[in-house]
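Here are my notes on this structure for your first read-through. Keep the model open and follow the points in order.

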Amino acid sequence: MTNYGLVIDQERCIGCQTCAVTCKQENNVPMGQFWNRVLTEGGDHIDTPEGSYPEDGETGNLDMQYQPTACQHCENAPCVKVCPVNATYTRDDGIVEIDYDKCIGCRYCMAACPYNARVFNWDEPEHRPDDGTGDVAERPQGVVEKCTFCSHRVDEGLDPACVVNCPADARIFGDLDDDSSTVSEYVANYNTEQLLEEKGTDPNTYYVQGEMTPGRTWTSDDLESELDDDPSAESVSADDAAGDEPVPHVPAEAGGGDD
Amino acid sequence: MAENPDGPHERIPAWDETADAMLADVDYDADLGKRMADDAIRVANGELSEAEFHERYHEEVKAEFGRDDRPTDPENDD
Ligand code: SF4
Ligand code: SF4
């Protein structure tokens, strides 16, 4: 069986919000709503770090952590269990999805999701430009919506938009049931955690902390399983990588900036 | 970790308020939604079985929605 999952390497994430923006564009997420967010932990406001600048000969200690967050595609999803009309369901490939034609807007699933991953269309959805930006049809007023792992792309053998467009290659998507996939290797070989593990929801989203992984090692839009050459053959396990620099797929050329 | 009389599932402190805001002015029974949401997490962490969860809310769900199509129905087990 296929069981899709996402690994987010928090050591690679630079908090640029590209995943949040590309998700909005790809999925026609209405104004005021986000399916995918990068939360920050630091100072008093989003994008303000805690600590101080190095001043007056002191050592600076500025610090900010990034927590990319969206639907975790839980194996044991409370949102699926509460939906009285079975509008929220788990696909055979592990993706948790909503049938917007069935959804009656009771919002029980929102209250059941420990990750606050769902949003409700209180109003008629608005887009800029008016007819939207992505390939996915807008959802009507009165339904709940959320990240789908870009199932419309996955069904065509493509990685989710956030994965392809992350400039830090911090997001890796693949089949958790395939031991040789990059996501499985990273979950097995690096220090990964699932959010709110104690809730028992068993998310298909894993976060890497500690040692940095080599990230997403292929440049194609295609899912790893669709590639002719298996990129995981080049991926590096934590043991092999110990002491080595991560190997990004971007060319190690000097940038063309004017600095 | 401190002993929790309700079992290992501890609510996130702000959950009550967040759930109230989510369910405000809902066309359906907000209290039922909150109770079911809380218990669905108990099911996830193994404190409550799917069958018990289904049974506990079956009548109320049917009365509120005129149907109960939750996948927790033991009859639907494959
Ligand atoms: S993160 Fe929330 S919405 Fe997504 S599957 Fe888990 S419980 Fe459902
Ligand atoms: S809001 Fe829609 S998806 Fe959520 S529980 Fe109600 S009917 Fe199901």
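1. Start with chain A as a whole. Of its 259 residues, 51% count as buried. Bear in mind that this is a predicted model. Chain A contains 7 helices and 10 strands. Look at its contacts between residues at least 6 apart in sequence: 66% of them join residues at least 24 apart.

2. Next, the empty space inside. Rolling a probe the size of a water molecule over the atoms shows where empty space is left. A search of the whole structure turns up 5 cavities of 30 Å³ or more. The largest cavity holds about 150 Å³ of space. It is lined by 21 residues, and those closest to its centre are A:Asn36, A:Ala70, A:Cys147, A:Cys162 and A:Arg171. Several elements of chain A give two or more residues to this lining: strands E1 (4-9), E3 (65-69) and E10 (205-208), and helices H1 (18-27) and H5 (161-165). Sorted by class, the lining has 14 nonpolar, 6 polar and 1 charged residues.

3. Now the second largest cavity. Its volume is about 100 Å³. Of the 15 residues that line this cavity, A:Cys13, A:Cys16, A:Cys19, A:Cys166 and A:Arg171 lie nearest its centre. Its lining divides into 11 nonpolar, 3 polar and 1 charged residues.

4. Zoom in on A:Asn36. This residue sits in the loop between H1 and strand E2 (37-41) of chain A. Is A:Asn36 buried or exposed? Its relative accessible area is 4%, and the cut-off for buried is under 20%, so A:Asn36 is buried. Leaving aside neighbours within four places in sequence, A:Asn36 is in contact with A:Cys19, A:Ala20, A:Cys23, A:Thr69, A:Ala70, A:Cys162 and A:Arg171. A polar atom of the A:Asn36 side chain lies 3.5 Å from the backbone oxygen of A:Cys19. Check one distance as well: A:Asn36 and A:Thr22 are 14 residues apart along the chain, and their C-alpha atoms are separated by 9.2 Å.

5. Compare A:Arg139. You will find this residue in the loop between strand E6 (119-120) and strand E7 (144-145) of chain A. A:Arg139 is buried, with a relative accessible area of 2%. Its side chain reaches the backbone oxygen of A:Asn27 at 2.8 Å. Not counting residues up to four places away in sequence, A:Arg139 touches several residues, including A:Asn28, A:Trp35, A:Tyr100, A:Pro125 and A:Glu145.

6. Move to chain B and helix H2 (residues 30-44). How far apart are the end C-alpha atoms of this helix? They are 21 Å apart, which agrees with the 21 Å that its 15 residues should span at 1.5 Å a residue. Just after the helix, B:Gly46 takes a positive phi of about 85°.

7. Finally, the surroundings of H2(B). Of its 15 residues, 12 are buried, so the helix is largely enclosed by the rest of the structure. Among the buried ones are B:Leu32, B:Met36, B:Asp39, B:Ile41 and B:Val43. What do the buried residues of H2(B) pack against? In chain A, they pack against helix H2 (78-82) and helix H3 (108-112). In chain B, they pack against helix H1 (15-23) and helix H3 (50-65).

Methods
Residues are numbered from 1 along each chain as its sequence is written. Chains are lettered from A and ligands numbered from 1 in the order in which they are written. This is a predicted model: local features need pLDDT of at least 70, side-chain atom pairs count only at pLDDT 80 or more; totals for chains, interfaces and linings use all residues. Side-chain values use heavy atoms; hydrogens and water are left out. Helices (H or I, at least four residues) and strands (E, at least two) are DSSP runs, numbered from the N terminus. The expected span of a helix is 1.5 Å times one less than its number of residues. Buried means under 20% relative accessible area, exposed over 50%, partly exposed in between (1.4 Å probe, protein chains only). Contact means heavy atoms within 4.5 Å. On a 1 Å grid over the protein atoms alone, a cavity is a set of points where a 1.4 Å probe fits but cannot get out, and a pocket is an open set with protein on both sides within 12 Å along at least five of seven lines; lining residues have an atom within 4 Å of a point. Grid points are joined across faces, edges and corners, and a volume is the space filled by probe spheres set on the points. Ala, Val, Leu, Ile, Met, Phe, Trp, Tyr, Cys and Pro count as nonpolar, Asp, Glu, Lys and Arg as charged, and the others, Gly among them, as polar. A polar contact is a pair of N or O atoms within 3.5 Å; within protein, one must be able to donate a hydrogen and the other to accept it, and residues adjacent in sequence count only if both atoms are side-chain atoms.
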